[in-house]
Amino acid sequence: MTTVLSRKPAHHERTSPTRRRRRVSWSLITAIVFAALFALAAIAPGVLATDDPTAQNFADALQSPSLTHWFGTDEAGRDLYSRIVHGTRESLLIGIGAAGIALVAALVLGSVAALADRVTASIVNRIIEVAFAFPSLLLALLLVSILGPSPWTQVVAVGVSTAPGYARMVRGQILSAKNAGYVEAARALGHGWWRILGRHVLPNAIRPLVAVFTMAIGQSIVWASGLSFLGLGVAPPSSEWGALLDAGRASILQAPWLTFIPGLVILVLALTATTIGTHIQNSLEKGR
């Protein structure tokens with residue numbers, strides 16, 4: 001009689017593909033937690049803030065971070081933590097507005113460059129390439145100098161200066177979708193071009209932009225904060241994060257936390273948006 005020996009499966013063999021997909025992504029969970037905190041600060045800043053962001057107390061001026069003032073105080077004795085919390089809404093609105101303008105402009109320019117006749121597409125492609133080659137920060141500074149510093153100017157300047165890069169991406173996505181096998185199959189079935197465009201080309205070309213929009217919010221806030229740091233954004237006493245950076249520049253040697261902490265918050269938001277956007281992009285590519 002032949003004895004069949006059973007072998008205990010190794011650990012990697014016992015782990016099914018479904019189980020592997022369910023493994024926790026701690027970076028994503030951390031990003032979601034930070035995103036929830038930023039959203040709460042934007043919607044209801046009073047829930048997180050510990051003090052009145054505009055209350056001045058010169059006796060507490062330039063205090064370093066402590067249990068009383070978590071992020072320290074500024075030159076007027078205002079609590080920096082509360083000012084950052086109350087500045088979240090304005091900073092996020094600037095980032096979302098700039099990202100929205102950039103992607104809408106990118107959709108228009110990219111679609112025309114990919115779908116228009118040869119002459120029109122060539123002209124639009126040249127415009128996109130020239131704008132893309134032009135330094136984004138220099139273009140934003142030029143727009144702000146023409147329109148004048150204000151929150152709306154920041155939104156427009158950052159949105160217009162970052163649009164060319166996204167336009168190239170949209171153009172590439174549409175051209176790739178046009179040459180895909182499912183489009184050829186739809187043509188073979190006798191479907192009209194406008195039906196193919198509306199049901200197959202544009203949806204598949206635009207879908208990746210969901211992740212791009214998420215990442216663009218963080219990038220736009222970084223750009224807008226840079227303009228504010230140069231004195232070309234929201235004017236004091238605003239609590240917008242770039243304005244806080246600009247205000248802390250005068251005391252950077254005496255009170256470095258006034259510059260370091262707002263900059264760190266901007267970095268955390270940018271990393272949060274990038275992490276969530278990357279996860280969305282990976283999920284879309286895997287068809288989940």
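Which residues touch the most other members of the largest nonpolar core? I looked them up and found Leu80, Ile84, Tyr166, Ile221 and Trp241, in a core of 39 residues. The model is predicted, so to speak of local features I need pLDDT of at least 70, and side-chain atom pairs count only at pLDDT 80 or more, while totals for chains, interfaces and linings use all residues. Residues are numbered from 1 along each chain as its sequence is written, and side-chain values use heavy atoms, with hydrogens and water left out.

I took a nonpolar core as a set of buried Ala, Val, Leu, Ile, Met, Phe, Trp, Tyr and Cys residues joined through side-chain atoms within 4.5 Å, where buried means under 20% relative accessible area and exposed over 50% (1.4 Å probe, protein chains only). Among the elements that give two or more residues to this core are H5, H6 and H8, and the largest share, nine residues, comes from H5. Apart from this core lies another, of twelve residues, including Leu143 and Val234.

Next I turned to H6 (residues 118–133), a helix in the DSSP sense (H or I, at least four residues). Ala121, Val124, Asn125 and Ile128 are buried in H6, and these buried residues line one face of the helix because, seen down its axis, they fall within an arc of 105°, taken over the directions from the helix axis to the C-beta atoms. They pack against helix H5 (80–115) and helix H8 (151–178), with contact meaning heavy atoms within 4.5 Å. On the other side of H6, I noted that Val119, Val130 and Ala133 are exposed.

Note on methods: Expected span 1.5 Å × (residues − 1).
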